[in-house]
Amino acid sequence: MNIEITKPASIHRIMSRIGPAWIVMMADVDVASVITGLQSGAAFGYRMIFIMIILIPPLFIVQNAAGYLGIFSGMGLGEAVRTRYGKKLALIAAIPMASTDVLSYIAEYSGMAIGLYMIGIPPIVSIPVIFLIHNAIIMAGRYRRIEKMLLFISLILVISIIASALLMRPSIYEIIHVGLNPIQPYTNRTYETLLIANVGAVIMPFMIFYQAGASVQKGMEKRDIKISRNETAIGSVVSEFLMVMTVIAGTFIGGYATDPMMLDRALKPFGSLAPYIMAAGFFTAGFLALIVISLASTWGIAEALGWKFHRYGRYIIRSEDHTYGDRSSIRQSVISDRKKFLTLYMTESIPAAVIAIVASSYLLSLVIDLMIVFVIVLAPVAILLGLLVSDSTVMKGNPMKRWYMTIYWATIAIIESAGIYSLMISL
């Protein structure tokens, strides 16, 4: 009888806690990453598959640390920096955060514009419409409601990418003997560029902010850490498996794409429907990432500034909040901060939308360049995350193990070395 009662409760808790890690991993397969994968397949066939596979461990290592921070500290990254190092450093740290967010927005708006451009909708029309829909969804819902929508979109994305790739009937022999071969043309300049772009695409700064912040918003506790860890591991594998699918699709392009209209060749087996399928895929991937980036960005900046805003649809009054006065005063402060939070959310992507419209003729090269930049701007965010999760005070007596942190710092060092090398050869 005990087993019958306990087992459903355990399953219920697992299902109720799934979300933060899975959603951020699916958002990692954003439209900019998809374009990078398509270009990789177009230029080098299956050869980039090996890189996709070996990027699974780094993705897990970094994102698992972000989940640990949110669960054990009860704070998002911005709030944790402010609490541990003070408001000044938190605000200084917010500068690369903000710049990274703008770059992410540009990548997503540009990617969705590429997809819709394939079916005849110009960026000057599509981007403003996307902007309005994107803001309307967040204004109308609370986190839990938004999360359910994101889970639904992510499932559509997974099914559509896998189904499309399987219908293309890729060569298993080529995948094994070429794609999984560790010997690749690493000295080829174009291969190097795409390799580093894929590194930038696999771990983006917004992902760290989202998983930490969403874990807090969802109210995850110490007993949920195994759920978070397993969800992150599964999401890491699925995320890179989907990227492998994009590389396979890219082989049908028949050469490095220099014009957005060339990308629909990736779905050549689908005939005249290819542009529409591509447009739908780009829009789904980009829109999922756009909402995740927006939430991560606004959470990070609001936390760094010390704003108090809703959690679980209401603000939880903690002991330190009583310095603001009685409950009525705190409530008014929360309402005021909530208005600032929504204003920030609505306005911060405007510059990126404008840039995406103006640079519409350079969208493909813009996306690849942004992926490379992400490798560099990841550094301050990753360093802060590493310092925080190894701090016993911040983690409330549960810092990450030394062996894990050794692997973590080695991972960040390798990623950033690749970014610096890319910067040097491009100068």
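This report walks through the fold of one protein chain, from the whole chain down to a few single residues.

**The whole chain**

What you are looking at is a predicted model. The protein chain has 18 helices and zero strands. Of its 427 residues, 56% are buried. Now take the contacts between residues with a separation of 6 or more: 86% of them join residues 24 or more positions apart.

**The core**

In soluble globular proteins, nonpolar side chains tend to be buried together. Here, the largest nonpolar core has 131 residues. Inside this core, Leu69, Tyr109 and Tyr210 have the most contacts. Helix α14, running over residues 274-305, gives the most to the core, with 16 residues.

Let's zoom in on Leu69. Which residues does Leu69 touch once its neighbours within four places in sequence are left aside? Among them are Gly74, Met75, Leu77 and Ala80, and also Ala212, Leu385, Leu388, Val389, Val394 and Met395.

**Two helices side by side**

Leu69 also turns up where helix α5 meets helix α12. Two packed helices are described by the angle between their axes and the distance between the axes. For α5 (residues 56-73) and α12 (residues 205-217), the angle is about 35 degrees and the axes are 7 Å apart. The crossing of α5 past α12 is right-handed.

From α5, the residues that take part are Leu59, Val62, Gln63, Ala66, Gly67, Leu69, Gly70 and Ile71. Their partners in α12 are Met207, Ile208, Gln211, Ala212, Ser215 and Val216. What kinds of residues make up this contact, counted as nonpolar, polar and charged? Nine are nonpolar, five are polar and none is charged.

Thr246 and Ile124 are both in helices, as the table shows.

| Residue | Helix | Relative accessible area |
|---|---|---|
| Thr246 | α13 (residues 225-250) | 4% |
| Ile124 | α8 (residues 123-140) | 59% |

Is Thr246 buried or exposed? A residue is called buried under 20% relative accessible area, so Thr246, at 4%, is buried. Leaving aside its neighbours within four places in sequence, Thr246 is in contact with Val34, Gly37 and Leu38.

Ile124 has another story. The cut-off for exposed is over 50%, so Ile124, with 59%, is exposed.

Technical notes:
Residues numbered from 1 in each chain as written. Predicted model: local features only at pLDDT ≥ 70, side-chain atom pairs only at ≥ 80, totals over all residues. Heavy atoms only, no water. Buried < 20%, exposed > 50% of the residue type's maximum accessible area, 1.4 Å probe, protein only. Contact = heavy atoms within 4.5 Å. Core = buried A, V, L, I, M, F, W, Y, C linked by side-chain atoms within 4.5 Å. Axes fitted to C-alpha atoms, helices over the stretch in contact; angles between N-to-C directions. Left-handed = near helix turned anticlockwise from the far one by under 90°. Nonpolar A, V, L, I, M, F, W, Y, C, P; charged D, E, K, R; others polar.
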